[in-house]
Amino acid sequence: KRAAFAVMKRNFIGYFSNPTGYVFLCLFVLLTSLAAFWPHEFFNANLANLDQLTRYLPLIMLIFIPAVTMGIWAEERRQGTDELLLTLPANDFDIVIGKYLAAASIFTVSLLFSQLSNYSVLVSLTNGDLDAGLIFSTYLGYWLTGLAMLAIGMVASFLTGNLTVGFILGVVFNAPLVFAVYTDAIVPQAGWARTFSDWSIASQIDDFARGVLSLSSGVYFVMLIVVGLYLSMVLIGKRHWSGGRDGESMLGHYLLRAVSLVVIALFATLFFSNHDWVRVDATEGKVSSLSPDTKRLIRSLEPEHPIYIDAFISEDVPESYVKTKFELISMLKEFQSMAGSDVIVHLHDGLETFSEQAALAEERFGITPQTVRTRDRGAFKEKEIILGAAFSCGLEKVVVPFFDYGIPVEYELVRSIVTVSEGTRQKLGIVRTDAQLMGGFSFAGGMPQQIPRNELISELEKQFDVEEVDPTSPIPTDTYAAILSGQPSSLGPAELNNVVEARSRRDSRLRFLRIRSRGSCRTQAAMTGAEKQSPGGMFAAVSRMPRAISTWGDWHRSAW
């Protein structure tokens, strides 16, 4: 309306008509730039994003937002112009929305200057190779955060006529939403601490910072804005319902309405957080979302018990592991948001190798710090990092002690989740050959040498109950879901006949995994064990292959 626009224009021009407005604007741009690119964290991470700024922005806004809102109504009372505004041909909503739009415009201008500054730095550092979708979603989250905190700060301004008190109340009212992310420092119960942390601004802005536009986070900020504006309308209309014969009854009436609105906002936010139907990945490479096949697989799971994922991740990781860490954290959060109560993620991020959480990871799951060799400023160094996860469902447990770079993180997570959700593992037979995949001893050269277990077996043990098979006697085919034979050319005639006979007794839907000595792997179909044998090669005859292992060759082609 014209009256609301006039109020907005008056406050917006008035804010920038004195040097104070420009001082706050420059200070905001300076603080956000320092938070985004403060060495050495930004350059050590080697990622063209604003994760550092996302971490510190709520704290910056906790000072900047009350500085904007403290004079919204307190200044009008101090100058005595509040009566003039209340006599305008406009209702209370027009005045409140005009004031709010003025504060929102001031914040938007400040945020635009910050965005231009940070965007230009990122473009120069990346030579223009920047994910515009990620930057857009990140600043959209910043903008929604500011709008929500402005609505709450306005309530503080309508409560007092003193600018200093208005600023302090604005900080106090917004502080619980900002500091709720640190609840675990004062609340000993992990469940309650996680619940309070999920209601913090930092947790809600996290989706936007990863490039995901989520319905639940949007509803969270909208509900805060609605509650703040309604409370401001109730306070500005106090002249209508306070005092006189009906003052107390009207106070109870508006108090009940305000409490009811807060309860509705809480339940709406809780409902959409558990039913986050809309999640749009705005990143260019869709790196912050799960693949369609993974989503279908997770939705089809019907575990008897909730699946618990305990992930332990170091604070600082070498440059070569930054991408793996980013994908691991992002995928775990997507699993949590999509699966709801079926998958419960306990993310222990920012660990030090000698911390209490690191000791817990080693004691309960056997996840220990791994020593990796990295190159830092031209020098090779060794560094211990923790990058593992444990999956449990009922009595089933799978532990991935370390996510090495080059291994598809999404595949590792899906395989582990499916394995623990099935309740019982299928048995995989490894035929004993000279390849000694299960390990053993070698007497080559006249000296006994211990042969370690092949890494392929370690990978298969994450999903199957692996057992060595003796080929000197007939192989029971009903016992194993799959049979793998490495270097079958080393078998004798009788042993080879037992392997071929076991294969012929199974159905014809077989797949063969051939791993050449040079390290490439491919999946071949419709090959018999006797037709395709060759010295130095390795063949796996797999019958009724499960979904996860049937795509093993495709997932690990690059790793091999």
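Which residue follows α11, and is its phi positive or negative? The residue is Gly211, and its phi is positive, near 90°. The model is predicted, so local features are reported only at pLDDT of at least 70 and side-chain atom pairs only at pLDDT 80 or more, while totals for chains, interfaces and linings use all residues. Residues are numbered from 1 along each chain as its sequence is written, and side-chain values use heavy atoms, with hydrogens and water left out.

Helices here are DSSP runs of H or I with at least four residues, strands are runs of E with at least two, and both are numbered from the N terminus. Buried means under 20% relative accessible area, exposed means over 50%, and partly exposed lies in between (1.4 Å probe, protein chains only). The buried residues of α11 are Ile201, Gln204, Ile205, Asp206, Asp207, Phe208 and Ala209.

The sheet comes next. Its 4 strands are arranged in the order β4-β3-β7-β8, forming an open sheet with mixed pairing. Strands β4 (343–351) and β8 (396–400) are at the edges with a single partner strand each, so one side of each has no neighbour in the sheet. On average, neighbouring strands are turned by 10° against each other, direction ignored. Two strands count as paired if DSSP finds at least two bridges between them. Between β3 (residues 307–314) and β7 (residues 387–393) there are 6 bridges, and the two strands run antiparallel. In this pairing, Tyr308 is opposite Ser392 of β7. Helix α17 (residues 356–365) packs on the sheet and touches β3, β4, β7 and β8; its direction makes about 130° with that of β3. Such angles run from 0 to 180 degrees between N-to-C directions, with axes fitted as lines to C-alpha atoms, for helices over the stretch in contact.

Ala390 is a residue of strand β7. Its relative accessible area is 1%, so Ala390 is buried. Contact means heavy atoms within 4.5 Å. Apart from neighbours within four places in sequence, Ala390 is in contact with Tyr308, Ile309, Asp310, Phe365, Ile367, Val398 and Val399. Ala361 is 29 residues from Ala390 along the chain, and their C-alpha atoms are separated by 8.8 Å.

Val414, in helix α18 (residues 409–421), is another buried residue, with 12% relative accessibility. Not counting residues up to four places away in sequence, Val414 touches Thr294, Leu297 and Phe335. Val414 is also 8.0 Å from Ile298, C-alpha to C-alpha, although the two are 116 residues apart in sequence.

Side chains of opposite charge can pair when their charged atoms come close. A salt bridge is a side-chain nitrogen of Lys or Arg within 4 Å of a carboxyl oxygen of Asp or Glu, and the whole structure contains 16 of them. One joins Arg78 to Glu75, with the closest N and O atoms 2.5 Å apart. These two are 3 residues apart in helix α5 (residues 74–79), so about one helical turn separates them. Arg78 is exposed at 53% relative accessibility, whereas Glu75 is buried at 19%. Another salt bridge joins Arg296 and Asp293 (2.2 Å, N to O). Both lie in helix α15 (residues 292–300), 3 residues apart, about one turn of the helix. Arg296 is exposed, with a relative accessible area of 52%, and Asp293 is exposed at 52%.

Arg279 and Glu334 also form a salt bridge (2.7 Å, N to O). This pair links distant parts of the chain, with Arg279 in strand β2 (residues 279–281) and Glu334 in helix α16 (residues 319–339), 55 residues apart. Glu334 is buried, at 6% relative accessibility.

Leu255, Val259, Val262, Val263, Leu266, Phe267 and Leu270 make a nonpolar surface patch of about 610 Å². Patches are made of residues with over 30% relative accessible area and no salt bridge; like charges are joined within 9 Å, and nonpolar side chains (Val, Leu, Ile, Met, Phe, Trp, Tyr) within 5 Å. Accessible areas come from the Shrake-Rupley method with a 1.4 Å probe, and for residues only the protein chains shown count as cover. Leu270 belongs to helix α14 (residues 247–274) and is partly exposed, with a relative accessible area of 38%.
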